Amino acid sequence: MIQRLFKQMVISQIISAMAVMLCLVVDSIMISRFLGVEAMAAYGFANPVLLGFAAFGSLLSSGIQVVCSKAMGTGDEDKVNRCYSLSIIVAIGFSVLGVVLVLIFLEPLCRLLGAKEGTEAFRLTKDYLTGFIFGAPFFIMAQILVPFLQMSGQRIRLVVAVLSMTIMDIACDLLNVFVVKQETLGMGLASTISYIVAVFIGLVYFFKKDCVYKFRWKGLGNGLGKEIVQGGIPTLVNQLSLVLLVFLVNRTLERTGKDVAVAAYAIISTIANIGYCIGNGISEVSLMLTGISYNEEDEKSLSEIVKQQTIFSVVINFFVTVAFLVLAVPLVRLFVNTNPAAEHDAVVGVRLFATCLILSSINAAFKKYYQSIGLIRFSESIAIAQNLVFPAVIVISFGALFGVSGVWCYYILGEILSLIYITIVVWIKSKRKFGSHASYVCLPDGFGAGPGEAVEMEITSVQDIPEAAIEATEFCMEKGESKRRAMYTALCIEEMANNIVKHGFEEGKDNRIDIRLVHKPDELIIRIRDNCRGFDPVNYFELHKASMDDPTKHIGIRMVFKMTKDVKYVNSLGLNSLTMKI
């Protein structure tokens, strides 16, 4: 199921990310084609502020995924709801504070960003930030809602929200350019309006009766905020490294090629963001699935995740790389066709960037994978190395030696050095064969079930259930369990699987039940996961406790709860996941 789920999630994640990036592309095209190079330079100067807000949103979004995926892996539904509640409150508070601070210190901020006071670029930078900043709360809220929509299986709603945002942004940009004519101020306001539309569409789900999340004030403390921040710090480090890198590149280009080179970098960055959507989509899916599998101690699934993230990174990015290399000139001319110097610099930069896509995607996926299995410091070091240290060295040295074109070399050389760094570290940590698949999975000794201590079964029809029960019984007997415990285990699997087939299977759908049985010295653990209709047997049992004494009612579920010492249910990624301990 991991391979199928990875594919489904990656597609929706990439589509969503690309739709968001398309908004930025449209903004850049409109600014460069209709407002000129000075306006494009202003957009480039404003980028660190946009990235700063994105960094905080990413901190929360990533922390949410880490905390919630761990909670889902252990069946802690209450923690998922508390995480949801706290993240909404924090996002609103921070974004409002950010809006106030930017508006108060707008002119000093523009000077800090590199725009020279008294120039046209300074005025345009100030106007763009003024228009954008009112949409910052919705920008951050959109980032917060994405993981919750993904985790609840609302992938279609997610795609609809971001596509609607894109359409609205294009419409508002066109209205600004041809009717309102408010230059960069209008462009910033267009982004604000589009974010509002996306958030509204996403929020509709959270007010529906079938929403799996419940807002609650109780229990928001207890270290939950700290846990979210700790889980998201590697992503924050990643984003802040990017902010510093953009600042450094802009300053280097100011000395090397002046505003024309800064404008070219803004064009390259916008096109690059489309390419990065592939790697970002793959890495976000890896983060979510890894967290769940790691807390279930499912080594086989973790190994499959590493394999799938690498395959998707290579295959998809190969075609994107070829497309960027071939289409570099027409892509750049979407943004500028009246400035030969800016066009030349941008075309060279786009082609050099294209060569890094496969490696960038692989590095990004590993970064999120290690973050999710608890190797936080390692993940942070990858972020700093990939997005700041290696690129900075190349930008400064190659920029001095080869000028503007030398600066662009940081894309490919930085990723090569980053992958070498990852490979060396995981080899040292795992102490296994250099470069092997097992070394990159990087799990500690004794993790999960040992060899032969787990068995997995798949059910696609009612005929598969007796076979699964027999296989479970044989596995228990082989491990030295008593006939009674073996019988209990088989009965639990048989009863719950029959319920899923009878009440959860849908006509014409690829219905599947994955069962994993783990033998431990003091217990047997059964995990049943299915992609069928949602049903919470734990909640059902609690609601009908009063009638459980009646021997003619709820026979199956009553029997299961009597034979087990712990039962937990959670709905995650659109899947039902039930864990029972015998």
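Two strands are taken to pair when DSSP finds at least two bridges between them. Strands (E, at least two residues) and helices (H or I, at least four) are DSSP runs, numbered from the N terminus. The model is a predicted one, where local features need pLDDT of at least 70, side-chain atom pairs count only at pLDDT 80 or more, and totals for chains, interfaces and linings use all residues. Residues are numbered from 1 along each chain as its sequence is written, and side-chain values use heavy atoms, with hydrogens and water left out.

On to the sheet. S572 sits opposite L575 of strand 5. Strand 5 (residues 575-581) runs antiparallel to strand 4, and seven bridges join the two. Both belong to an open, five-stranded sheet with antiparallel pairing and the order 1-2-3-5-4. Strand 1 (454-459) and strand 4 (566-572) are at the edges with a single partner strand each, so one side of each has no neighbour in the sheet. On average, neighbouring strands here are turned by 15 degrees against each other, direction ignored. Axes are lines fitted to C-alpha atoms, for helices over the stretch in contact, and angles run from 0 to 180 degrees between N-to-C directions. Helix 18 (residues 464-478) lies across strand 1, strand 2 (513-520) and strand 3 (523-530), at about 175 degrees to strand 1.

Then there is a helix pair. The axes of helix 3 (residues 77-104) and helix 6 (residues 136-151) come within 8 Å and cross at roughly 165 degrees. That makes the two helices roughly antiparallel, a label for angles over 145 degrees. In their contact (heavy atoms within 4.5 Å), residues of helix 3 including Y84, I88 and F94 meet a set in helix 6 that includes I140, L145 and F148.

Definitions and conventions
Angles under 35 degrees count as roughly parallel, over 145 as roughly antiparallel, 65 to 115 as roughly perpendicular and the rest as oblique.
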